[in-house]
Amino acid sequence: MARIPTLRTGLLDIAVSLGLAGPILMVLYSYDIRPLWLTATVTVLTAIAIALWVLWRRSGQRSRVAAALFAVIAVVVISFGKGALYYGIIWAALLMLGVTFSATRVLWGYATALVLIVLALHLASGSPAEFMLAEAIGTAALAGIAAAVAVVPRDRLRACER
C-alpha cells in the first residue's frame, strides 16, 4: 500500500527538488556556451541524482547507499559547474545525509570535505586568493546551515517512528 506523504516528508521533497533545480537551470542557461560533453555529463549526473532521490524516498529515507552516492554525485556536479545554482545539489545532499545517518559527524565530515574540495579546485585553476576565500566561506556557510537544518527533519522523523 502506498504511503501518504506527511508534511515533513513533503517539505523535504520540496527542498530537495529546489536543490536539484539549480543544476538543471544552469545547464539550460549555459548549454550553448559550454562544451557539449560537459553539458551532457552534468545532465546525466543530475538525472542519476534524481533517480537516487526517488530510490532513497521509496526506501523510507533509509537507503544509506543511495544517500552516499547522491552526495558523491553532488560533489562531481559542483566540480563541473560554474555558477551559484549548482550548489543547490549540495543542499539536497546534506539534507539526505542528515536524515539518513544518525551520526552528526557524517554531515560535518561531508561539509568539511566540500570546503576542502572547493579550495583544491580553486588552487588547481589558479583563482585569485580573495575569490577562493569568498567561495570557501560561502561553501562553509551553506554546508553548515544545511547540516544544521538537516538534523531537524531527521529527529522529527525518528520521533514519529517511536
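What follows is a set of questions and answers on the model, its helices, its core and its surface.

Author: This is a predicted model, in which local features need pLDDT of at least 70, side-chain atom pairs count only at pLDDT 80 or more, and totals for chains, interfaces and linings use all residues. Residues are numbered from 1 along each chain as its sequence is written, and side-chain values use heavy atoms, with hydrogens and water left out.

Reader: What is the mean pLDDT of the protein?
Author: pLDDT is the predictor's confidence in each residue, from 0 to 100. In this protein 88% of the residues reach 70 or more, and the mean is 82.

Reader: How many helices and strands are there?
Author: Helices (H or I, at least four residues) and strands (E, at least two) are DSSP runs, numbered from the N terminus. Along the sequence the pattern reads α-α-α-α-α-α. The count is therefore 6 helices and 0 strands.

Reader: Which element has the highest mean pLDDT?
Author: The lowest mean among the elements, 74, belongs to helix H6 (residues 129–161). The highest, 92, belongs to helix H2 (residues 36–58).

Reader: Which residues have the most contacts inside the largest nonpolar core?
Author: A nonpolar core is a set of buried Ala, Val, Leu, Ile, Met, Phe, Trp, Tyr and Cys residues joined through side-chain atoms within 4.5 Å. The largest one here has 41 residues, and the elements giving two or more residues to this core are H1, H2, helix H3 (64–80), helix H4 (88–100), helix H5 (104–125) and H6. In soluble globular proteins, nonpolar side chains tend to be buried together. The residues with the most contacts inside this core are Phe70 and Tyr110.

Reader: Which residues does Phe70 contact, leaving aside its neighbours within four places in sequence?
Author: Contact means heavy atoms within 4.5 Å. With those neighbours left aside, the partners of Phe70 are Leu20, Ala49, Leu52, Trp53, Ile89, Ala92, Ala93 and Met96.

Reader: Is Thr46 buried or exposed?
Author: Buried means under 20% relative accessible area, exposed over 50%, and partly exposed in between (1.4 Å probe, protein chains only). Thr46 lies in helix H2 and, beyond its neighbours within four places in sequence, is in contact with Leu20, Pro23, Ile24 and Val77. Because its relative accessibility is 4%, Thr46 counts as buried.

Reader: What is the relative accessible area of Thr39?
Author: Thr39 is also found in helix H2. Not counting residues up to four places away in sequence, Thr39 touches Val27, Tyr31 and Arg34. Thr39 is buried, and its relative accessible area is 13%.

Reader: Which element gives the largest share of the nonpolar patch?
Author: Patches are made of residues with over 30% relative accessible area and no salt bridge, with like charges joined within 9 Å and nonpolar side chains (Val, Leu, Ile, Met, Phe, Trp, Tyr) within 5 Å. Ile24, Leu25, Leu28, Ile50, Val54 and Leu85 form this one, with about 490 Å² of accessible area together (Shrake-Rupley method, 1.4 Å probe; for residues, only the protein chains shown count as cover). Two or more residues each come from helix H1 (7–30) and H2. The largest share, 3 residues, comes from H1.

Reader: Which residue forms a salt bridge with Asp13?
Author: A salt bridge is a side-chain nitrogen of Lys or Arg within 4 Å of a carboxyl oxygen of Asp or Glu, and the count comes to 1. In this pair the closest N and O atoms are 2.6 Å apart, and the partner of Asp13 is Arg57. The pair joins helix H1, where Asp13 lies, to helix H2, so it ties together parts 44 residues apart in sequence, the H2 member being Arg57.
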